[in-house]
Structures are given as C-alpha cells and as structure tokens.
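Have a look at the structure first, then read on.

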Amino acid sequence: MSTIRILLVLPLFQYTLGTQKLKYPELRRDESLVDDYYGKKVSDTYRYLEDPDSEETVNFVLEQNKLTEDYLSRNLIVKESIEKRLTEVHNYAKYGVPKKHGSRYFSTMNTGLQNQDVYYVQDTLDAKPEVFFDPNKFSEDGFVHLSDITFSNDGELVALGLNSKGSDWMTIRIRNVSTGQDYSETLEDIKFSNIAWTVDNTGFFYAVSSYLCNIECI
Ligand SMILES: *[C@@H]1O[C@H](CO)[C@@H](O)[C@H](O)[C@H]1NC(C)=O
C-alpha cells in the first residue's frame, strides 16, 4: 500500500518542479557603450553593473537573491538535498603540510565542517600540535577571514591579514609568536597587498590602497 502511494506522489512532484516559471529580474541594456577593438565594434551593454555600489546594481542583486530564495523556500526538498549532499562530501578532516618558520612547525587542520582552517603550532614534529590561530573564533559573527599569514624570517613575529565579511579590504595584525600576544597597533586601508618581511625581522613592506605605489614600512 505505501509503495503505491510513493509511486503516485513522485511524478506529481517532479511535474510541479518542472513547470514552475521563474521570472527573472529585468535588466536594462545600455546600448550606448560600444568598444572599438581595432575596427571591430563590440557593445558592452551591462558594463554599468560593474559598479557594485550603484543603486541599479544593488537592486539587481537583491532581486536575484529574492528569486533564488523564493524558489528554494518553495522547494525546500531541493535545498535540503543539496545541503545534505554538500555537507556529506565536505565532512572529512583536512590536513595541511607542516611548514617550518624559525624553530617551530605550523600546519592547518580542519575537522570537517569548520568554515576556516585552524592554524596549529608544534615545537617538534612529534609534539602535540597546539592551536596557534583559530580564525573561526576571531570575531563573534565568524565573518572575519584570514587571507594572509606571513612569518618573519626568524619565525618570531607573524603578520596576519584579516578581511571582514568577504570584503577585499584587509587589516593587518602583528603577533608575537612566543607569547601569542598581538601588538596593539593594526594596519588598515590595505587592498590586494602582499606582506614582505625585511631579512632582519624588524619590519615588513605592504601597500596601502589609497596611495597607489606608496609603499610603507613599519
Ligand atoms: C615576544 O614577547 C617576549 C615576551 O614579552 C619578548 O621577550 C620577545 O622579545 C618578543 N618577541 C619579539 C620578536 O618581539
């Protein structure tokens, strides 16, 4: 009896999914922008969307999100099955290769479903790894992402590049590796910059975005 019921319900469900019409947000085409590549004209009708802060772009993104969320909330079983499968395939412990900085070894480990890998430190390869930096616990909302970790040559100091909420803007903190204490100063206004320590471990170079090509040194 129950088998028959299931057989009847499934085709109906699939039918419902297949016939739902999605109404995509309407997008303005800007026909005025035409690039000229060595005589070949190529129009770039949606370039105005490259400005992520314009009202038009913001509204377009909001409308697209609404469309997706409406669809997923009406088809919870789809969302749940995707979520379940993604969770399954991501849920295994992941280990990074240890790297030596100064006298210590550093490696990353993720127990499976942690948003970000945790950095561990050990004095010898046989020693028990201790947590050195856990980006998941760095902020209360867990939205701070560790995008750069660069050790001084002697491994006694480390510069930690942190981004908040998916932003490209980076803040650099400096940590004393022995004590685990951070310096009180933080460096701000950094975007797409590397961190390069001087060989004598007294400071590092980084680029501040607001002054193009102006390299500062602590
Ligand atoms: C780290 O802190 C310890 C204890 O305050 C200090 O002796 C050491 O010089 C510091 N290391 C660096 C590289 O500043």
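## Contacts and overall make-up

Among contacts in the protein chain between residues at least 6 apart in sequence, 19% join residues at least 24 apart. Contact here means that the C-beta atoms of two residues, placed from the backbone, lie within 7 Å. Keep in mind that this is a predicted model: local features need pLDDT of at least 70, side-chain atom pairs count only at pLDDT 80 or more, and totals for chains, interfaces and linings use all residues. Residues are numbered from 1 along each chain as its sequence is written.

The protein chain has three helices and 14 strands. Both kinds of element are DSSP runs numbered from the N terminus (helices are H or I with at least four residues, strands are E with at least two). How much of the chain is buried? Buried residues come to 10% of the 218 residues. To count as buried, a residue needs 20 or more other C-beta atoms within 10 Å of its own; with 12 or fewer it is exposed, in between it is partly exposed, and the C-beta atoms are placed from the backbone.

Helix α2 covers residues 55-74, which makes 20 residues. Its end C-alpha atoms are 28 Å apart, and that agrees with the 28 Å it should span at 1.5 Å a residue. The expected span is 1.5 Å times one less than the number of residues. As for cover, α2 has hardly any: the count of buried residues is zero.

Next comes α3, with 15 residues (76-90). From first C-alpha to last, α3 reaches 21 Å, close to the 21 Å expected. The number of buried residues in α3 is zero, so this helix lies largely in the open.

Now for the strands. In general, strands of a sheet pair through backbone hydrogen bonds, either parallel or antiparallel. In this model, four strands form an open sheet in the order β8-β9-β10-β11, and the pairing is antiparallel. From one strand to the next, the twist averages 25°. That angle is taken between N-to-C directions and runs from 0 to 180 degrees, with axes being lines fitted to C-alpha atoms (for helices, over the stretch in contact).

Two strands pair if DSSP finds at least two bridges between them. β8 and β9 have seven bridges, and V144 has S164 in β9 as its bridge partner. β9 (residues 157-164) also pairs with β10 (residues 169-176) over seven bridges; here L157 stands opposite N176. Five bridges join β10 to β11, with I172 partnered by L187 in β11.

## The turns of the sheet

Each hairpin here has a residue with positive phi to look at. β8 and β9 have five residues between them, and G155 in the turn has a positive phi of about 70°. Between β9 and β10 there are four residues, and K165 takes a positive phi near 50°. The β10 and β11 hairpin has five residues between its strands, with G180 at about 75°.

Is G180 buried or exposed? With 12 C-beta neighbours inside 10 Å, G180 counts as exposed. Its C-alpha atom is 9.8 Å from that of V158, which is 22 residues away along the chain.

## Around the ligand

Which residues surround the ligand? They are E156, L157, N176, S178 and T179. A residue is taken as near if its C-beta atom, placed from the backbone, lies within 6 Å. By class, this shell has one nonpolar, three polar and one charged residues. Nonpolar covers Ala, Val, Leu, Ile, Met, Phe, Trp, Tyr, Cys and Pro, charged covers Asp, Glu, Lys and Arg, and the others, Gly among them, are polar.

Strand β12 (residues 196-197) pairs with β13 in the antiparallel sense over two bridges, and W197 stands opposite F204.

Six residues lie between β12 and β13, and N201 takes a positive phi near 65°. D200 is in this loop too, and counts as exposed with 9 C-beta neighbours inside 10 Å. D200 and S152 are 48 residues apart in sequence, yet their C-alpha atoms are 8.5 Å apart in space.
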